[in-house]
Amino acid sequence: MTPTCTSHVVLVLPRLIYVVILILLFSLLNLWKWFPRETASAPSGAKSTFWSFNFHMCFMILAWTVFATEGVLAYATWERSSFICGQPTRHSRVKVIHASLNFICAVMTAMGLLAIFQNHAVKEIPPLYSAHSWLGIITASLTFIAALAGTVFFLLAKKLGISKDVRARVAPWHRLVGLLAYFLGLATCSLGIQEKQGFITCASGAYCLSKTLLTILVILVYALGACVAYVLSKEDRVTAGQLERETDIFEDAQEYGNLLPT
């Protein structure tokens with residue numbers, strides 16, 4: 001499909017939204033003194049330092065509003081139209097970009113989980129006590145399943161001897177699990193932001209800058225999800241031709257020879 005400037009206007013909106021999300025996130029972190037050193041006293045009187053809760057919030061919002069969003073948009077749109085009015089990106093290159101962005105998302109998700117479990121353990125807060133935490137574990141599980149499937153069935157398929165027929169059957173399921181993880185990840189982020197909001201006490205009553213910024217942040221996360229859903233509905237990538245290209249990705253040995261391990 002020849003790229004058009006109209007399609008680029010549609011693709012600019014989710015990027016604008018997550019840029020505003022990042023501005024709000026960093027504004028909140030600045031209000032909260034970024035990543036303050038938190039300490040806890042042991043029975044012996046010794047103090048231990050542990051990860052600030054803010055690391056969890058920062059890692060998760062970056063992972064899902066930026067890297068996961070770009071991972072979804074890269075696979076869904078970059079082959080048909082480039083971000084700036086110009087030539088679309090080659091399918092084989094799109095696959096590498098898609099995998100790289102989602103790998104970063106998975107790593108940041110793991111770091112976010114490590115931060116919150118360590119923070120709660122030292123503070124002796126029971127783990128997995130809320131809907132946010134349960135949905136977070138489900139989201140992380142789906143993410144790692146999708147990443148593992150993508151690695152085995154597409155990135156290493158030729159080396160593992162997986163047939164094209166198997167890859168063709170796995171492709172739509174990989175896409176389904178990936179999209180479930182993405183939209184559930186955005187919903188989980190919004191629940192976490194709302195939970196954080198409940199812990200904030202305003203000196204002037206019910207309203208203060210931190211709570212207002214968190215409310216706007218939740219609205220923008222849902223708006224981002226709506227924009228990405230709209231883009232996906234317009235692209236409708238799941239076609240027989242696309243799935244055929246999906247299974248043939250490793251046929252271009254010349255391009256992938258210097259990108260993948262031998």
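Figure 1. Asp165 counts as partly exposed because its relative accessibility is 46%; the classes are buried under 20% relative accessible area, exposed over 50% and partly exposed in between, with a 1.4 Å probe and protein chains only. In this predicted model, local features need pLDDT of at least 70 and side-chain atom pairs count only at pLDDT 80 or more, whereas totals for chains, interfaces and linings use all residues. Residues are numbered from 1 along each chain as its sequence is written, and side-chain values use heavy atoms, with hydrogens and water left out. A salt bridge requires a side-chain nitrogen of Lys or Arg within 4 Å of a carboxyl oxygen of Asp or Glu.

**Figure 2. The salt bridge between Arg15 and Glu70.** The count of salt bridges comes to two. In the one shown here, the side chains of Arg15 and Glu70 meet at 2.7 Å, N to O. This pair links distant parts of the chain, as Arg15 lies in helix H1 and Glu70 in helix H2, 55 residues apart. Arg15 counts as buried because its relative accessibility is 9%, and Glu70 counts as buried because its value is 10%. Side chains of opposite charge can pair when their charged atoms come close.

**Figure 3. Met57 in the largest nonpolar core.** The core has 48 residues, and Met57, Trp64 and Leu217 are those with the most contacts inside it. Such a core is a set of buried Ala, Val, Leu, Ile, Met, Phe, Trp, Tyr and Cys residues joined through side-chain atoms within 4.5 Å. At least two residues of this core come from each of helix H1 (5-31), H2, H3, H4, H6 and helix H7 (209-235). H2 gives the most, with 13 residues. Met57 lies in helix H2 and counts as buried because its relative accessibility is 7%. With neighbours within four places in sequence left aside, Met57 is in contact (heavy atoms within 4.5 Å) with Leu25, Leu28, Trp32, Ile193, Leu214 and Leu217. Met57 and Leu25 are 32 residues apart in sequence, with a C-alpha to C-alpha separation of 8.9 Å.

**Figure 4. The second largest pocket and its lining.** About 610 Å³ of space lies in this pocket. Pockets are found on a 1 Å grid over the protein atoms alone, as open sets of points where a 1.4 Å probe fits, with protein on both sides within 12 Å along at least five of seven lines; lining residues have an atom within 4 Å of a point. Grid points are joined across faces, edges and corners, and the volume is the space filled by probe spheres set on them. The lining has 33 residues, of which Phe53, His56, Ile116, His132 and Glu195 lie nearest the pocket centre. Two or more lining residues come from each of helix H2 (53-77), helix H3 (91-123), helix H4 (131-155) and helix H6 (164-199). H6 supplies the largest share, eight residues. By class, the lining has 18 nonpolar, twelve polar and three charged residues; Ala, Val, Leu, Ile, Met, Phe, Trp, Tyr, Cys and Pro count as nonpolar, Asp, Glu, Lys and Arg as charged, and the others, Gly among them, as polar.

Technical notes
Helices (H or I, at least four residues) and strands (E, at least two) are DSSP runs, numbered from the N terminus.
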